[in-house]
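Good morning, everyone. Please look at the screen while I walk you through one chain.

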Amino acid sequence: MDQLALFFAIMLAAIVMVPVADRVGLPSPVLMTVLGGVLALIPQVPNIEINPELILPLVLPPLLYASVQRTSWRQFAANRRAIFLLAVALVFLTTAVVAVVANAVVPGITLAAAVTLGALVAPPDPVAATAVAGSLGLPRRMISILEGEGLFNDVTAIVLYHVAVAAVLSGHFSLPHAVLEFVLSAVVAVAVGLVLGWGANKLMGVVGDATLQIGLSLLVPFASYAIAEGLHGSGVLAVLTAALFLTEYAFEADDVTARLAGNTFWEIVDTLVTGIAFGLIGLEMHHVFSAGAGHWGPMLRDAGLIVAVVVGVRLLYLLPAAAIAKRLHTLRDMDEDIPLTWRETVTMWWAGMRGVASVALALAIPLTTDHGDPFPARAQLLFIAFSVVLVTLVIQGLTLPWLVRRLGVTGDIEVEHDQERALALRAMKAARKRLKEIETAEDLDEELAEMLYHRAIDLGARISPDVLDDERRESHAGRARRIKALRRIQDDMLSAARHEVLAARSEPGSDPEIVDRVLRHLDLRSMRGV
(Lines give C-alpha, C1' and ligand atoms only; values in the text may rest on other atoms or scores of the structure.)
Protein backbone atom coordinates (compact mmCIF):
# COMPACT_ATOMS: atom_id res chain seq x y z
CA MET A 1 0.00 0.00 0.00
CA ASP A 2 1.42 3.41 -0.96
CA GLN A 3 0.70 6.70 0.75
CA LEU A 4 -1.96 7.79 -1.76
CA ALA A 5 -3.88 4.54 -1.26
CA LEU A 6 -3.56 4.99 2.52
CA PHE A 7 -4.91 8.53 2.25
CA PHE A 8 -8.01 7.38 0.35
CA ALA A 9 -8.48 4.50 2.78
CA ILE A 10 -8.56 7.00 5.65
CA MET A 11 -11.09 9.12 3.74
CA LEU A 12 -13.30 6.07 3.26
CA ALA A 13 -12.97 5.23 6.96
CA ALA A 14 -13.92 8.81 7.86
CA ILE A 15 -17.25 8.31 6.08
CA VAL A 16 -17.90 4.81 7.37
CA MET A 17 -17.06 5.70 10.97
CA VAL A 18 -19.92 8.21 11.21
CA PRO A 19 -22.75 5.61 11.16
CA VAL A 20 -20.57 3.17 13.14
CA ALA A 21 -20.05 5.79 15.84
CA ASP A 22 -23.80 6.46 15.97
CA ARG A 23 -24.52 2.75 16.43
CA VAL A 24 -21.95 2.09 19.15
CA GLY A 25 -22.55 5.41 20.89
CA LEU A 26 -18.95 6.64 20.66
CA PRO A 27 -17.52 9.75 18.99
CA SER A 28 -16.17 9.24 15.48
CA PRO A 29 -12.92 11.26 16.12
CA VAL A 30 -11.97 8.78 18.84
CA LEU A 31 -12.72 5.80 16.61
CA MET A 32 -10.66 7.31 13.78
CA THR A 33 -7.72 7.81 16.15
CA VAL A 34 -7.91 4.22 17.31
CA LEU A 35 -8.19 3.04 13.69
CA GLY A 36 -5.11 5.08 12.74
CA GLY A 37 -3.18 3.53 15.61
CA VAL A 38 -4.20 0.03 14.51
CA LEU A 39 -3.23 0.72 10.90
CA ALA A 40 0.20 1.93 12.06
CA LEU A 41 0.86 -1.50 13.59
CA ILE A 42 0.38 -3.29 10.24
CA PRO A 43 3.75 -3.76 8.50
CA GLN A 44 2.27 -3.26 5.03
CA VAL A 45 0.99 0.20 5.94
CA PRO A 46 3.61 2.84 5.03
CA ASN A 47 4.85 5.53 7.39
CA ILE A 48 2.92 8.68 6.68
CA GLU A 49 5.09 11.59 5.56
CA ILE A 50 3.49 15.02 5.83
CA ASN A 51 5.32 18.29 6.13
CA PRO A 52 4.47 19.50 9.68
CA GLU A 53 4.36 23.09 8.44
CA LEU A 54 1.38 22.19 6.24
CA ILE A 55 -0.76 20.54 8.93
CA LEU A 56 -2.01 23.72 10.61
CA PRO A 57 -2.78 25.72 7.43
CA LEU A 58 -4.43 22.75 5.68
CA VAL A 59 -6.43 21.23 8.55
CA LEU A 60 -7.41 23.97 10.99
CA PRO A 61 -8.98 26.56 8.60
CA PRO A 62 -11.71 24.31 7.16
CA LEU A 63 -12.43 22.69 10.53
CA LEU A 64 -12.78 26.03 12.30
CA TYR A 65 -14.84 27.53 9.47
CA ALA A 66 -17.21 24.55 9.54
CA SER A 67 -17.55 24.80 13.33
CA VAL A 68 -18.42 28.49 13.19
CA GLN A 69 -21.37 27.71 10.89
CA ARG A 70 -23.14 26.26 13.94
CA THR A 71 -22.86 29.39 16.05
CA SER A 72 -23.03 33.19 15.79
CA TRP A 73 -21.22 36.32 16.88
CA ARG A 74 -24.09 37.24 19.22
CA GLN A 75 -23.69 33.92 21.00
CA PHE A 76 -20.00 34.62 21.54
CA ALA A 77 -20.74 38.13 22.75
CA ALA A 78 -23.32 36.85 25.23
CA ASN A 79 -20.90 34.23 26.58
CA ARG A 80 -17.75 36.33 26.43
CA ARG A 81 -16.96 35.98 30.15
CA ALA A 82 -17.25 32.20 30.21
CA ILE A 83 -15.26 31.93 26.97
CA PHE A 84 -12.57 34.27 28.31
CA LEU A 85 -12.21 32.23 31.49
CA LEU A 86 -11.84 28.99 29.53
CA ALA A 87 -10.19 30.02 26.28
CA VAL A 88 -7.75 32.59 27.63
CA ALA A 89 -7.29 32.37 31.39
CA LEU A 90 -7.31 28.57 31.55
CA VAL A 91 -4.93 28.26 28.60
CA PHE A 92 -2.46 30.64 30.29
CA LEU A 93 -2.78 28.79 33.60
CA THR A 94 -2.34 25.34 32.02
CA THR A 95 0.67 26.55 30.03
CA ALA A 96 2.30 28.02 33.15
CA VAL A 97 1.77 24.97 35.38
CA VAL A 98 2.88 22.50 32.70
CA ALA A 99 5.97 24.63 32.01
CA VAL A 100 6.96 24.70 35.68
CA VAL A 101 6.51 20.94 36.11
CA ALA A 102 8.20 20.05 32.80
CA ASN A 103 11.15 22.34 33.55
CA ALA A 104 11.61 20.55 36.86
CA VAL A 105 11.35 16.92 35.70
CA VAL A 106 12.26 16.63 31.98
CA PRO A 107 16.02 16.24 31.49
CA GLY A 108 17.72 18.77 29.21
CA ILE A 109 14.68 21.02 28.80
CA THR A 110 14.90 24.81 29.05
CA LEU A 111 12.21 27.07 30.47
CA ALA A 112 11.26 28.37 27.01
CA ALA A 113 11.01 24.81 25.67
CA ALA A 114 8.86 23.91 28.68
CA VAL A 115 6.55 26.83 27.86
CA THR A 116 6.39 25.48 24.29
CA LEU A 117 5.19 22.16 25.68
CA GLY A 118 2.66 23.87 27.93
CA ALA A 119 1.25 25.94 25.07
CA LEU A 120 0.80 23.00 22.71
CA VAL A 121 -0.97 20.75 25.25
CA ALA A 122 -3.10 23.54 26.78
CA PRO A 123 -5.93 23.90 24.22
CA PRO A 124 -8.73 21.32 24.19
CA ASP A 125 -9.67 20.30 20.67
CA PRO A 126 -12.81 22.08 19.40
CA VAL A 127 -13.67 19.36 16.88
CA ALA A 128 -13.38 16.46 19.31
CA ALA A 129 -15.18 18.27 22.12
CA THR A 130 -18.17 19.38 20.05
CA ALA A 131 -18.37 16.04 18.21
CA VAL A 132 -18.58 14.21 21.51
CA ALA A 133 -20.86 16.73 23.22
CA GLY A 134 -23.24 16.99 20.29
CA SER A 135 -23.83 13.22 20.18
CA LEU A 136 -24.62 12.93 23.90
CA GLY A 137 -27.64 15.21 24.08
CA LEU A 138 -25.96 17.61 26.52
CA PRO A 139 -27.63 20.91 27.45
CA ARG A 140 -27.30 23.45 24.70
CA ARG A 141 -25.57 25.96 26.99
CA MET A 142 -22.78 23.45 27.67
CA ILE A 143 -22.27 22.81 23.97
CA SER A 144 -22.16 26.58 23.39
CA ILE A 145 -19.42 26.98 25.99
CA LEU A 146 -17.41 24.05 24.61
CA GLU A 147 -17.73 25.45 21.09
CA GLY A 148 -16.66 28.91 22.20
CA GLU A 149 -13.78 27.58 24.27
CA GLY A 150 -12.63 25.27 21.51
CA LEU A 151 -12.72 27.96 18.84
CA PHE A 152 -10.84 30.61 20.81
CA ASN A 153 -8.38 28.60 22.89
CA ASP A 154 -6.41 27.69 19.77
CA VAL A 155 -5.85 31.39 19.16
CA THR A 156 -4.34 31.92 22.61
CA ALA A 157 -2.32 28.71 22.62
CA ILE A 158 -0.86 29.10 19.13
CA VAL A 159 0.30 32.66 19.81
CA LEU A 160 1.90 31.52 23.09
CA TYR A 161 3.51 28.63 21.23
CA HIS A 162 5.06 30.91 18.60
CA VAL A 163 6.40 33.28 21.27
CA ALA A 164 7.95 30.37 23.20
CA VAL A 165 9.48 28.76 20.09
CA ALA A 166 10.95 32.11 19.06
CA ALA A 167 12.54 32.41 22.51
CA VAL A 168 14.09 28.93 22.17
CA LEU A 169 15.40 29.62 18.68
CA SER A 170 16.91 33.02 19.50
CA GLY A 171 18.06 32.20 23.01
CA HIS A 172 16.49 35.22 24.73
CA PHE A 173 13.02 36.31 25.86
CA SER A 174 11.51 39.73 26.50
CA LEU A 175 8.15 39.92 28.30
CA PRO A 176 7.18 43.38 26.96
CA HIS A 177 8.06 42.26 23.45
CA ALA A 178 6.03 39.06 23.88
CA VAL A 179 2.99 41.00 25.13
CA LEU A 180 3.28 43.46 22.24
CA GLU A 181 3.57 40.59 19.76
CA PHE A 182 0.50 38.95 21.29
CA VAL A 183 -1.59 42.13 20.97
CA LEU A 184 -0.39 42.96 17.45
CA SER A 185 -1.05 39.39 16.34
CA ALA A 186 -4.67 39.69 17.48
CA VAL A 187 -5.17 43.13 15.92
CA VAL A 188 -3.74 42.05 12.56
CA ALA A 189 -5.83 38.87 12.58
CA VAL A 190 -9.10 40.68 13.32
CA ALA A 191 -8.36 43.26 10.62
CA VAL A 192 -7.56 40.58 8.03
CA GLY A 193 -10.64 38.55 8.96
CA LEU A 194 -12.97 41.55 8.74
CA VAL A 195 -11.55 42.74 5.41
CA LEU A 196 -11.71 39.27 3.82
CA GLY A 197 -15.13 38.59 5.30
CA TRP A 198 -16.48 41.89 3.97
CA GLY A 199 -14.84 41.36 0.58
CA ALA A 200 -16.11 37.80 0.27
CA ASN A 201 -19.61 38.92 1.21
CA LYS A 202 -19.57 41.54 -1.56
CA LEU A 203 -18.19 39.01 -4.08
CA MET A 204 -20.92 36.52 -3.20
CA GLY A 205 -23.47 39.14 -4.16
CA VAL A 206 -21.68 39.68 -7.46
CA VAL A 207 -21.26 36.02 -8.50
CA GLY A 208 -24.85 35.20 -7.54
CA ASP A 209 -24.71 31.51 -8.45
CA ALA A 210 -24.87 29.15 -5.44
CA THR A 211 -22.08 26.93 -6.78
CA LEU A 212 -19.70 29.87 -7.12
CA GLN A 213 -20.68 31.22 -3.70
CA ILE A 214 -19.83 27.89 -2.06
CA GLY A 215 -16.55 27.73 -3.95
CA LEU A 216 -15.72 31.21 -2.69
CA SER A 217 -16.56 30.21 0.88
CA LEU A 218 -14.04 27.36 0.57
CA LEU A 219 -11.27 29.81 -0.30
CA VAL A 220 -12.01 32.25 2.53
CA PRO A 221 -10.65 30.24 5.49
CA PHE A 222 -7.42 29.29 3.71
CA ALA A 223 -6.87 32.84 2.44
CA SER A 224 -7.60 34.32 5.88
CA TYR A 225 -5.12 31.99 7.54
CA ALA A 226 -2.36 32.46 4.97
CA ILE A 227 -2.61 36.26 4.74
CA ALA A 228 -2.77 36.74 8.52
CA GLU A 229 0.22 34.47 9.08
CA GLY A 230 2.12 36.29 6.35
CA LEU A 231 1.48 39.58 8.18
CA HIS A 232 2.59 38.02 11.51
CA GLY A 233 -0.95 37.79 12.80
CA SER A 234 -2.92 34.88 14.19
CA GLY A 235 -4.20 32.79 11.29
CA VAL A 236 -6.70 31.00 13.51
CA LEU A 237 -8.23 34.24 14.81
CA ALA A 238 -8.43 35.59 11.25
CA VAL A 239 -10.37 32.50 10.16
CA LEU A 240 -12.75 32.86 13.10
CA THR A 241 -13.34 36.56 12.40
CA ALA A 242 -14.02 36.04 8.70
CA ALA A 243 -16.26 33.03 9.39
CA LEU A 244 -18.30 34.88 12.03
CA PHE A 245 -18.74 37.83 9.65
CA LEU A 246 -19.92 35.62 6.80
CA THR A 247 -22.20 33.60 9.07
CA GLU A 248 -24.05 36.81 9.89
CA TYR A 249 -24.10 38.44 6.45
CA ALA A 250 -23.25 35.96 3.67
CA PHE A 251 -26.72 34.75 2.67
CA GLU A 252 -29.98 36.64 2.40
CA ALA A 253 -33.09 35.10 3.95
CA ASP A 254 -34.38 34.02 0.53
CA ASP A 255 -31.09 32.41 -0.66
CA VAL A 256 -32.60 29.00 -0.02
CA THR A 257 -30.62 26.98 -2.56
CA ALA A 258 -27.27 28.55 -1.61
CA ARG A 259 -27.90 28.06 2.11
CA LEU A 260 -29.00 24.42 1.80
CA ALA A 261 -26.18 23.55 -0.59
CA GLY A 262 -23.64 25.44 1.52
CA ASN A 263 -24.65 23.67 4.72
CA THR A 264 -24.43 20.30 2.99
CA PHE A 265 -21.04 21.12 1.48
CA TRP A 266 -19.51 22.19 4.80
CA GLU A 267 -20.93 19.15 6.58
CA ILE A 268 -19.10 17.00 4.02
CA VAL A 269 -15.87 18.97 4.44
CA ASP A 270 -16.17 18.77 8.22
CA THR A 271 -16.68 14.99 8.14
CA LEU A 272 -13.80 14.28 5.76
CA VAL A 273 -11.23 16.65 7.21
CA THR A 274 -12.05 15.62 10.78
CA GLY A 275 -11.72 11.94 9.94
CA ILE A 276 -8.45 12.44 8.06
CA ALA A 277 -6.97 14.59 10.83
CA PHE A 278 -7.71 12.15 13.62
CA GLY A 279 -6.74 9.17 11.49
CA LEU A 280 -3.36 10.79 10.90
CA ILE A 281 -3.02 11.39 14.63
CA GLY A 282 -3.31 7.64 15.20
CA LEU A 283 -0.78 6.90 12.45
CA GLU A 284 1.74 9.42 13.80
CA MET A 285 1.45 8.11 17.37
CA HIS A 286 3.15 4.84 16.47
CA HIS A 287 6.08 6.69 14.88
CA VAL A 288 6.51 9.07 17.82
CA PHE A 289 6.22 6.38 20.50
CA SER A 290 8.68 4.11 18.71
CA ALA A 291 11.29 6.85 19.18
CA GLY A 292 11.05 6.28 22.93
CA ALA A 293 12.31 2.69 22.71
CA GLY A 294 15.00 2.10 25.30
CA HIS A 295 13.89 5.02 27.46
CA TRP A 296 10.36 3.92 28.31
CA GLY A 297 10.67 4.27 32.08
CA PRO A 298 11.68 7.94 32.39
CA MET A 299 9.61 9.04 29.39
CA LEU A 300 6.44 7.32 30.61
CA ARG A 301 6.98 8.83 34.06
CA ASP A 302 7.34 12.34 32.66
CA ALA A 303 4.40 11.88 30.27
CA GLY A 304 2.17 10.51 33.01
CA LEU A 305 3.00 13.47 35.25
CA ILE A 306 2.20 16.02 32.53
CA VAL A 307 -1.06 14.21 31.68
CA ALA A 308 -2.06 14.39 35.35
CA VAL A 309 -1.20 18.09 35.44
CA VAL A 310 -3.19 18.87 32.28
CA VAL A 311 -6.27 16.97 33.46
CA GLY A 312 -5.98 18.09 37.08
CA VAL A 313 -5.49 21.79 36.38
CA ARG A 314 -8.67 21.85 34.29
CA LEU A 315 -10.73 20.35 37.11
CA LEU A 316 -9.20 22.49 39.87
CA TYR A 317 -9.80 25.58 37.74
CA LEU A 318 -13.32 24.79 36.51
CA LEU A 319 -14.90 24.10 39.88
CA PRO A 320 -14.27 27.56 41.42
CA ALA A 321 -14.51 29.36 38.06
CA ALA A 322 -17.97 27.89 37.41
CA ALA A 323 -19.09 28.82 40.93
CA ILE A 324 -17.85 32.40 40.50
CA ALA A 325 -19.46 32.69 37.07
CA LYS A 326 -22.74 31.40 38.48
CA ARG A 327 -22.57 33.89 41.34
CA LEU A 328 -21.90 36.80 38.99
CA HIS A 329 -24.63 35.53 36.68
CA THR A 330 -27.13 35.63 39.57
CA LEU A 331 -26.07 39.07 40.81
CA ARG A 332 -26.09 40.74 37.41
CA ASP A 333 -28.99 38.73 35.95
CA MET A 334 -27.10 38.33 32.68
CA ASP A 335 -28.26 36.21 29.78
CA GLU A 336 -25.31 33.91 29.33
CA ASP A 337 -24.58 30.19 29.09
CA ILE A 338 -22.86 28.77 32.16
CA PRO A 339 -22.72 25.35 33.86
CA LEU A 340 -25.54 25.37 36.38
CA THR A 341 -24.60 22.32 38.48
CA TRP A 342 -21.47 20.56 39.67
CA ARG A 343 -22.43 17.62 37.43
CA GLU A 344 -22.31 19.84 34.37
CA THR A 345 -18.97 21.26 35.51
CA VAL A 346 -17.50 17.78 35.90
CA THR A 347 -18.81 16.86 32.45
CA MET A 348 -17.13 19.92 30.95
CA TRP A 349 -13.89 18.97 32.71
CA TRP A 350 -13.87 15.47 31.27
CA ALA A 351 -14.76 16.82 27.80
CA GLY A 352 -11.44 18.71 27.63
CA MET A 353 -9.80 16.43 25.06
CA ARG A 354 -6.68 17.39 23.12
CA GLY A 355 -6.33 16.65 19.42
CA VAL A 356 -5.42 18.17 16.06
CA ALA A 357 -3.89 21.47 17.24
CA SER A 358 -1.69 19.82 19.87
CA VAL A 359 -0.38 17.23 17.41
CA ALA A 360 0.22 19.79 14.66
CA LEU A 361 2.09 22.13 16.99
CA ALA A 362 4.18 19.28 18.38
CA LEU A 363 5.19 18.08 14.91
CA ALA A 364 6.00 21.67 13.89
CA ILE A 365 8.66 22.07 16.60
CA PRO A 366 11.90 22.99 14.76
CA LEU A 367 14.76 20.51 14.72
CA THR A 368 17.46 23.09 15.55
CA THR A 369 17.83 26.58 17.01
CA ASP A 370 19.19 29.64 15.22
CA HIS A 371 22.65 28.73 16.52
CA GLY A 372 22.53 25.24 15.00
CA ASP A 373 21.97 23.45 18.33
CA PRO A 374 19.31 20.74 18.61
CA PHE A 375 15.95 21.97 19.93
CA PRO A 376 16.05 21.18 23.67
CA ALA A 377 14.43 17.82 24.53
CA ARG A 378 12.46 17.74 21.25
CA ALA A 379 11.97 13.94 21.30
CA GLN A 380 10.66 14.09 24.87
CA LEU A 381 8.31 16.96 24.00
CA LEU A 382 6.79 14.99 21.13
CA PHE A 383 6.44 11.88 23.28
CA ILE A 384 4.72 13.83 26.08
CA ALA A 385 2.46 15.74 23.69
CA PHE A 386 1.24 12.59 21.96
CA SER A 387 0.74 10.90 25.33
CA VAL A 388 -1.50 13.77 26.44
CA VAL A 389 -3.49 13.51 23.19
CA LEU A 390 -3.77 9.73 23.45
CA VAL A 391 -4.98 9.72 27.05
CA THR A 392 -7.36 12.66 26.83
CA LEU A 393 -8.77 11.85 23.40
CA VAL A 394 -9.13 8.09 23.60
CA ILE A 395 -9.68 7.43 27.31
CA GLN A 396 -11.77 10.51 28.06
CA GLY A 397 -13.56 10.28 24.72
CA LEU A 398 -14.51 6.64 25.25
CA THR A 399 -15.61 7.13 28.87
CA LEU A 400 -17.44 10.46 28.51
CA PRO A 401 -20.74 8.83 27.42
CA TRP A 402 -20.61 6.60 30.52
CA LEU A 403 -19.85 9.61 32.75
CA VAL A 404 -22.72 11.61 31.29
CA ARG A 405 -25.12 8.75 31.95
CA ARG A 406 -23.83 8.28 35.50
CA LEU A 407 -24.15 11.97 36.31
CA GLY A 408 -27.55 12.23 34.67
CA VAL A 409 -26.67 15.29 32.59
CA THR A 410 -29.34 15.75 29.94
CA GLY A 411 -30.42 18.42 27.51
CA ASP A 412 -32.78 21.26 28.35
CA ILE A 413 -35.68 19.70 26.49
CA GLU A 414 -38.29 22.10 27.84
CA VAL A 415 -36.16 25.17 27.14
CA GLU A 416 -35.45 24.03 23.59
CA HIS A 417 -39.12 23.19 23.08
CA ASP A 418 -40.18 26.66 24.30
CA GLN A 419 -37.67 28.37 22.02
CA GLU A 420 -38.83 26.32 19.06
CA ARG A 421 -42.46 27.14 19.83
CA ALA A 422 -41.66 30.86 20.11
CA LEU A 423 -39.88 30.85 16.76
CA ALA A 424 -42.72 28.90 15.12
CA LEU A 425 -45.20 31.46 16.45
CA ARG A 426 -43.09 34.35 15.12
CA ALA A 427 -42.83 32.69 11.71
CA MET A 428 -46.58 32.09 11.58
CA LYS A 429 -47.42 35.67 12.59
CA ALA A 430 -44.97 37.08 10.01
CA ALA A 431 -46.56 34.98 7.27
CA ARG A 432 -50.09 36.04 8.28
CA LYS A 433 -49.08 39.69 8.47
CA ARG A 434 -47.58 39.55 4.99
CA LEU A 435 -50.71 37.79 3.69
CA LYS A 436 -52.91 40.61 5.02
CA GLU A 437 -50.70 43.18 3.29
CA ILE A 438 -50.96 41.29 -0.01
CA GLU A 439 -54.70 40.77 0.42
CA THR A 440 -55.18 44.51 0.89
CA ALA A 441 -52.94 45.46 -2.02
CA GLU A 442 -54.12 42.89 -4.55
CA ASP A 443 -57.75 42.27 -3.61
CA LEU A 444 -57.34 38.48 -3.46
CA ASP A 445 -60.14 36.06 -4.17
CA GLU A 446 -61.83 35.07 -0.90
CA GLU A 447 -61.32 31.34 -1.47
CA LEU A 448 -57.64 31.83 -2.32
CA ALA A 449 -57.13 34.09 0.70
CA GLU A 450 -58.71 31.47 2.96
CA MET A 451 -56.44 28.76 1.57
CA LEU A 452 -53.37 30.93 2.06
CA TYR A 453 -54.47 31.77 5.60
CA HIS A 454 -54.57 28.07 6.48
CA ARG A 455 -51.16 27.60 4.90
CA ALA A 456 -49.75 30.38 7.09
CA ILE A 457 -51.08 28.59 10.16
CA ASP A 458 -49.76 25.25 8.91
CA LEU A 459 -46.34 26.85 8.49
CA GLY A 460 -46.01 27.37 12.23
CA ALA A 461 -47.86 24.20 13.20
CA ARG A 462 -45.47 21.99 11.25
CA ILE A 463 -42.59 23.43 13.25
CA SER A 464 -44.35 23.23 16.60
CA PRO A 465 -47.95 21.98 16.89
CA ASP A 466 -48.21 23.67 20.31
CA VAL A 467 -48.73 27.07 18.68
CA LEU A 468 -52.35 26.00 18.05
CA ASP A 469 -55.19 25.49 20.50
CA ASP A 470 -56.89 22.08 20.77
CA GLU A 471 -59.59 22.78 18.17
CA ARG A 472 -57.17 24.20 15.63
CA ARG A 473 -54.68 21.44 16.34
CA GLU A 474 -57.27 18.81 15.45
CA SER A 475 -58.20 20.68 12.28
CA HIS A 476 -54.52 21.04 11.40
CA ALA A 477 -53.98 17.31 11.95
CA GLY A 478 -56.70 16.57 9.39
CA ARG A 479 -55.19 18.95 6.86
CA ALA A 480 -51.74 17.55 7.59
CA ARG A 481 -52.97 14.04 6.74
CA ARG A 482 -54.41 15.26 3.46
CA ILE A 483 -51.24 17.18 2.62
CA LYS A 484 -49.12 14.14 3.49
CA ALA A 485 -51.17 12.01 1.11
CA LEU A 486 -50.95 14.73 -1.55
CA ARG A 487 -47.16 14.95 -1.19
CA ARG A 488 -46.80 11.18 -1.27
CA ILE A 489 -48.65 11.03 -4.56
CA GLN A 490 -46.72 14.04 -5.90
CA ASP A 491 -43.46 12.34 -4.93
CA ASP A 492 -44.50 9.23 -6.86
CA MET A 493 -45.41 11.36 -9.87
CA LEU A 494 -42.11 13.25 -9.76
CA SER A 495 -40.23 9.97 -9.33
CA ALA A 496 -41.85 8.60 -12.47
CA ALA A 497 -40.98 11.81 -14.30
CA ARG A 498 -37.34 11.63 -13.18
CA HIS A 499 -37.01 8.00 -14.26
CA GLU A 500 -38.37 8.88 -17.69
CA VAL A 501 -36.00 11.84 -18.08
CA LEU A 502 -33.02 9.76 -16.97
CA ALA A 503 -33.97 7.05 -19.45
CA ALA A 504 -33.90 9.68 -22.20
CA ARG A 505 -30.29 10.47 -21.29
CA SER A 506 -29.05 7.25 -22.89
CA GLU A 507 -31.19 7.52 -26.01
CA PRO A 508 -29.56 8.38 -29.38
CA GLY A 509 -29.60 12.08 -30.13
CA SER A 510 -30.30 13.07 -26.53
CA ASP A 511 -28.36 16.09 -25.23
CA PRO A 512 -27.10 15.30 -21.70
CA GLU A 513 -26.92 18.99 -20.79
CA ILE A 514 -30.60 19.52 -21.60
CA VAL A 515 -31.53 16.32 -19.76
CA ASP A 516 -29.63 17.49 -16.68
CA ARG A 517 -31.30 20.90 -16.87
CA VAL A 518 -34.76 19.30 -16.89
CA LEU A 519 -33.73 16.89 -14.13
CA ARG A 520 -32.54 19.77 -11.97
CA HIS A 521 -35.92 21.44 -12.44
CA LEU A 522 -37.67 18.28 -11.23
CA ASP A 523 -35.26 17.93 -8.31
CA LEU A 524 -35.93 21.49 -7.17
CA ARG A 525 -39.66 20.87 -7.33
CA SER A 526 -39.15 17.81 -5.13
CA MET A 527 -37.15 19.87 -2.60
CA ARG A 528 -39.88 22.47 -2.41
CA GLY A 529 -42.63 19.88 -2.08
CA VAL A 530 -44.48 21.31 -5.09
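Let me start with how helix packing is described here. Axes are lines fitted to C-alpha atoms, for helices over the stretch in contact, and angles run from 0 to 180 degrees between N-to-C directions. Helices (H or I, at least four residues) and strands (E, at least two) are DSSP runs, numbered from the N terminus.

Now the ground rules. This is a predicted model, where local features need pLDDT of at least 70, side-chain atom pairs count only at pLDDT 80 or more, and totals for chains, interfaces and linings use all residues. Residues are numbered from 1 along each chain as its sequence is written, and side-chain values use heavy atoms, with hydrogens and water left out.

First, the overview. The chain holds 20 helices and zero strands. It has 530 residues, and 45% of them count as buried. Buried means under 20% relative accessible area, exposed means over 50%, and partly exposed is in between (1.4 Å probe, protein chains only). Contact means heavy atoms within 4.5 Å. Take the contacts in the chain between residues at least 6 apart in sequence: 80% of these join residues at least 24 apart.

Next, helix pairs. Start with α2, residues 28–40, and α16, residues 378–407. They pack at about 135 degrees, with axes 9 Å apart. The two are therefore oblique to each other. On this scale, angles under 35 degrees are roughly parallel, over 145 roughly antiparallel, 65 to 115 roughly perpendicular, and the rest oblique. The crossing of α2 with α16 is left-handed. Left-handed means that the near helix is turned anticlockwise from the far one by less than a right angle; right-handed means clockwise.

Which residues make this contact? From α2, Val30, Thr33 and Val34; from α16, Leu393, Val394, Gly397 and Leu398. By class, that is five nonpolar, two polar and no charged residues. Ala, Val, Leu, Ile, Met, Phe, Trp, Tyr, Cys and Pro count as nonpolar, Asp, Glu, Lys and Arg as charged, and the others, Gly among them, as polar.

Move on to α8, residues 140–170, and α6, residues 111–121. Their angle is about 160 degrees, and their axes are 8 Å apart. That makes α6 roughly antiparallel to α8. This crossing is left-handed. On the α6 side, the contact includes Ala112, Val115 and Leu120. On the α8 side, it includes Leu160, Tyr161 and Val168. The contact of α6 with α8 has 12 nonpolar residues, one polar and no charged.

Helix α8 also packs with α9, residues 175–207. Their axes come within 10 Å and cross at roughly 140 degrees. That makes α8 oblique to α9. Here the crossing is right-handed. Thr156, Val159 and Val163 of α8 meet Ala178, Glu181, Phe182 and Ser185 of α9. The classes are four nonpolar, two polar and one charged.

Now charges. How many salt bridges does a search of the whole structure find? One. A salt bridge is a side-chain nitrogen of Lys or Arg within 4 Å of a carboxyl oxygen of Asp or Glu. Here, Arg301 and Asp302 meet at 2.8 Å, N to O. Asp302 is buried, at 3% relative accessible area.

Last stop: Arg343, in helix α14, residues 342–350. Arg343 is partly exposed, at 37%. Leaving aside neighbours within four places in sequence, Arg343 is in contact with Leu407 and Val409. Arg343 and Val409 are 66 residues apart in sequence, yet 6.8 Å apart in space, C-alpha to C-alpha.
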